[in-house]
There are 2 protein chains.
Amino acid sequence: MKKHNFSAGPCILPQEVFKEASQAILDFNNSGLSILEISHRSADFVSVMEEARMLALDLLGLKDKGYKALFLQGGASTQFLMVAYNLLEKKAAYLNTGTWSSKAIKEAKLFGEVVEVATSKDKNFSYIPKSYSIPQDADYFHCTSNNTIFGTQIKEFPSVSKPLVCDMSSDIFSREMDFSKFDLIYAGAQKNMGPAGTTLVIIQEEILGKVSREIPSMMDYATHISKDSMFNTPSVYAVYVSLLTLRWIKANGGVRAMEERNNKKAEILYNEIDRNPLFKGFAAKEDRSAMNATFNLTNEKHKEVFDKMWKDAGVNGLNGHRSVGGYRASMYNALSLESVEVVVDLMQELEKKV
Amino acid sequence: MKKHNFSAGPCILPQEVFKEASQAILDFNNSGLSILEISHRSADFVSVMEEARMLALDLLGLKDKGYKALFLQGGASTQFLMVAYNLLEKKAAYLNTGTWSSKAIKEAKLFGEVVEVATSKDKNFSYIPKSYSIPQDADYFHCTSNNTIFGTQIKEFPSVSKPLVCDMSSDIFSREMDFSKFDLIYAGAQKNMGPAGTTLVIIQEEILGKVSREIPSMMDYATHISKDSMFNTPSVYAVYVSLLTLRWIKANGGVRAMEERNNKKAEILYNEIDRNPLFKGFAAKEDRSAMNATFNLTNEKHKEVFDKMWKDAGVNGLNGHRSVGGYRASMYNALSLESVEVVVDLMQELEKKV
């Protein structure tokens, strides 16, 4: 039976990517060797790393603009720490829109003063705060573009005179933007970019070197930049599968085409959530994420029936996060429109049934 | 043509592991989903992580002895930092046997006083220093069990009253020892344990919680222990392939059987290095590594001929590291005796030819 994978991450990747990724485990580039057993210093892998770094910048329109792309380890959780290690001299400004920004704030506090410019915690992070001011003396401003757990997404980013840092883990490569507004973008690969195990970091080089502390080598962006993202053994396979996914994005029309398809998927699902009296959306309408739709039953008594229906239909990962309950449909780049239609049909079927 | 992969790491893994690892990319556990697209919180993956953690302890004889096993990200290079973050209050003692211990020392110096108890730098790290004393007031003693680049290996570890910390990246699971002598063992997976992208850390829990500094969440062993190595998204696939490799070690007789085969491989290669007038070993005989044999030509003029011979024979990764030159044969667990015999035959063929 065909599976419809709505998992929040690690999540669905293109089937073509899985095929090529599986083959490379047996024989990479017709070398007679598995990609898992080759040296990361081999010409074959150095070329994977370089192509992935270039393609990431290319897809975001950031080539030749002073940015460097790195594929590091440790996930966004390590970036919470590295951002502060490298940029926080005295004071930093953070927008708190959910679990991940709260964690980023917690780690930054070990390195200096953190000003939370606004938070939506008062309504369980169901909206994006919009009117706030950023202290003039902040070293940088940090925000989270998409909140996987609560299903909200920043549609317009503030204009700031200070470095703009953004955790784009759950929506990078999913929509067009002027990415050159940002000075540091980071994203765990395991949503739109690849499997778990590597983290993309894109940095405008000129923002580095402004803090007075000594930075441990592995925490220092400058170390990784100076070694072309090969200071130590990278997460070889995760970088390779990310490259395959980036190539797929490019071959399928780039970020603009991804956005069009993602908007269409989000539209049909949110339309059904709003139309169907058995369901209600969780996030404020104007802040709804095109990546993660969070919704609940209006009456919990239908839960058992609905859960059985979607599980029987081959739908995977539709359970909501415990912080929100209900359902969460994660509709990353590789999820087909057909899969969303399957869920919409099930919602309509439930309505007829009860 | 059959390949003989002597790569220093990432390196050869068992062919059976590659087959199963390739299949799981297409369909994991008959779930209809790729292992790359499932949630790390799914029952299927939680069971992978738990089995890998238990099996690592089991193979080292460390079950039920107060140790915890973790699969983290960032490689041994991140452990250089984490060890000091978690254990270094005032002073630490390090044995310097090569590139990796030098790097560990460099990172530790950011956190406190580091006493280098001995070094073999005077002879380009070609031996293991043996008579040294460890300061009574050191918070811990750190050493590197096997030096991949120089081809030396510690055969006897000192008895210390302080926590004994060891970087076993390149020889863990390759030989029997009383591992309960150690309080913290770490190892990048990409030699005997799995592919690049995950790092095994084994900790005696009682050594933690003794430093006064605040430790960032991702740097804190206690964080990872409290979350059963799932504080953040782990490097899912690298952990899975490590589990497959650990299962292979167990099914093939465990660490004792690995050691027997490794010793046999090392013996026939070192015998040839010592017998053949065209070659000379690099490392001091009593400190020779069973994992990485480093050797040079006695006359460089044969280099071109010999290099062509082994490349034509399907041998891969025999080039020495630039710090030593010549050749390095890395003979990790998964390398067959046959592959070593191929190289020995080539060395004898060269002798007849010139």
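Domain bounds here come from an automatic or database domain assignment. I looked up chain A first, and its assignment gives domain 1 at 15-251 and domain 2 at 253-353.

**Confidence.** I note that this is a predicted model. For chain A I read a mean pLDDT of 97, with 100% of its residues at 70 or more. For the complex, the predictor gives an ipTM of 0.98 and a pTM of 0.98.

**Between the domains.** I took the centres of domain 1 and domain 2 of chain A over C-alpha atoms and found them 27 Å apart. I then looked at the contact between the two, to which domain 1 of chain A brings 23 residues and domain 2 of chain A brings 23 residues. On the domain 1 side, I find that β6 (146-147), β7 (152-153) and α6 (236-251) of chain A each supply at least two residues. I sorted the residues of that side by type: 11 are polar, seven nonpolar and five charged.

**Between the chains.** Next I turned to chain B. I find 48 residues of chain A in contact with 48 residues of chain B. On the chain A side, the elements giving two or more residues are α1 (15-26), α3 (75-87) and α6. Which element gives the most to this side? I find that α1(A) does, with five residues. By type, the chain A side holds 23 nonpolar, 21 polar and four charged residues.

**Cross-check.** I went back to α6 of chain A. I had listed α6 among the elements on the side of domain 1 that touches domain 2, and α6 is also listed on the side of chain A that touches chain B.

Note on methods:
Residues numbered from 1 in each chain as written. Chains lettered and ligands numbered in written order. Predicted model: local features only at pLDDT ≥ 70, side-chain atom pairs only at ≥ 80, totals over all residues. Contact = placed C-beta atoms within 7 Å. Helix = DSSP H or I, 4+ residues; strand = E, 2+ residues; numbered from the N terminus. Nonpolar A, V, L, I, M, F, W, Y, C, P; charged D, E, K, R; others polar. pLDDT = per-residue confidence, 0-100.
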